[in-house]
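Open the model in your viewer and keep the selection tool ready. We will go from stop to stop, and at each one you pick a residue and look around.

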Amino acid sequence: FLTHRMEPVTSTRMLCLQLSRRVPQGTALPSRNYATRFHPMSKKDTSVKVTLIKTVPGIGEEGEELKVRRGYARNYLFPKDIAIYSTPEVREQYAELAAAIDYEERKRRQNIEKANKTISKVTVLCKRENVFGRPHSPIDRISLSKMLWKQARIELDPERIAEEVKEFGINEIPIKLGETEDWNAVLRVELTKL
């Protein structure tokens, strides 16, 4: 029941004042930025599509189209001549380079790097009986693989472990990550006496 004529709303504060006239005493009023917070245009897309003109480690390869924040593009990528706005002409110009990017190989390399970083932080703890200053039996590759799974939840095929653990103390065992033929990571195993 309005007792006065509503004036046109010119600001959020005016809206709150008008609402306060018709809301009973003690009712919570909307906050000052209520109208802007729930306005359909308040959530603007602050990203922009860019095409890389140089290969940059950690960002991407030449010809790759990325969606980045406007500020990142304006303040970092554009001044360093790393990227340009992605327009149809630019996409056409860099189409061959973009088609040549092997995303599966990149993902595989990233997974290997992640696994290497994880394994480098892990030390597998093992215990054996002491017989004349040596372990009574070495820890074979299958047991080492099982212990790695139990202690760190990392699954590693026993074929990818180079050797058995035969000495007390901290041993660094070479392992293979990925489809490579070389031993490209190290597993730390601490063997203690019972």
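Select Tyr72. Its relative accessible area is 35%, so Tyr72 is partly exposed (buried is under 20%, exposed over 50%, partly exposed in between, with a 1.4 Å probe and protein chains only). This is a predicted model, where local features need pLDDT of at least 70, side-chain atom pairs count only at pLDDT 80 or more, and totals for chains, interfaces and linings use all residues. Residues are numbered from 1 along each chain as its sequence is written, and side-chain values use heavy atoms, with hydrogens and water left out.

Tyr72 and Tyr76 both belong to helix H3, four residues apart, about one turn of the helix. (Helices, H or I, have at least four residues and strands, E, at least two; both are DSSP runs numbered from the N terminus.) Tyr76 has 30% relative accessibility and is partly exposed.

How many aromatic pairs does the structure hold? It holds two. Rings of Phe, Tyr and Trp (its six-membered ring) pair if their centres lie within 6.5 Å; planes under 30 degrees apart count as stacked, over 60 as edge-to-face and the rest as tilted. The ring centres of Tyr72 and Tyr76 are 5.4 Å apart and their planes are at 20°, so this pair is stacked.

Tyr76 is partly exposed, at 30%. Next, select Phe78 and Tyr85. Their rings make a tilted pair, 4.7 Å from centre to centre with 55° between the planes. Tyr85 is partly exposed, at 48% relative accessibility.

Move to Asp81. It is in the loop between helix H3 (70–77) and strand E3 (83–85). Asp81 is partly exposed, with a relative accessible area of 48%.

Jump to Arg153, in the loop between helix H7 (141–152) and strand E7 (169–175). Here too phi is near 55°, a positive value. Arg153 is exposed, at 57% relative accessibility.

Select Lys176 with Trp183. The charged end of Lys176 sits over the Trp183 ring, 4.8 Å from its centre. (That takes NZ of Lys or CZ of Arg within 6 Å of the ring centre and within 35 degrees of the ring normal.) Then try Lys193: its charged end sits over the ring of Phe168, 5.5 Å from the centre.

Last, colour by pLDDT, the predictor's confidence in each residue, from 0 to 100. The protein's mean is 81, and 78% of its residues reach 70 or more. Confidence is lowest in helix H2 (residues 34–37), at a mean of 54, and highest in E3, at 94.
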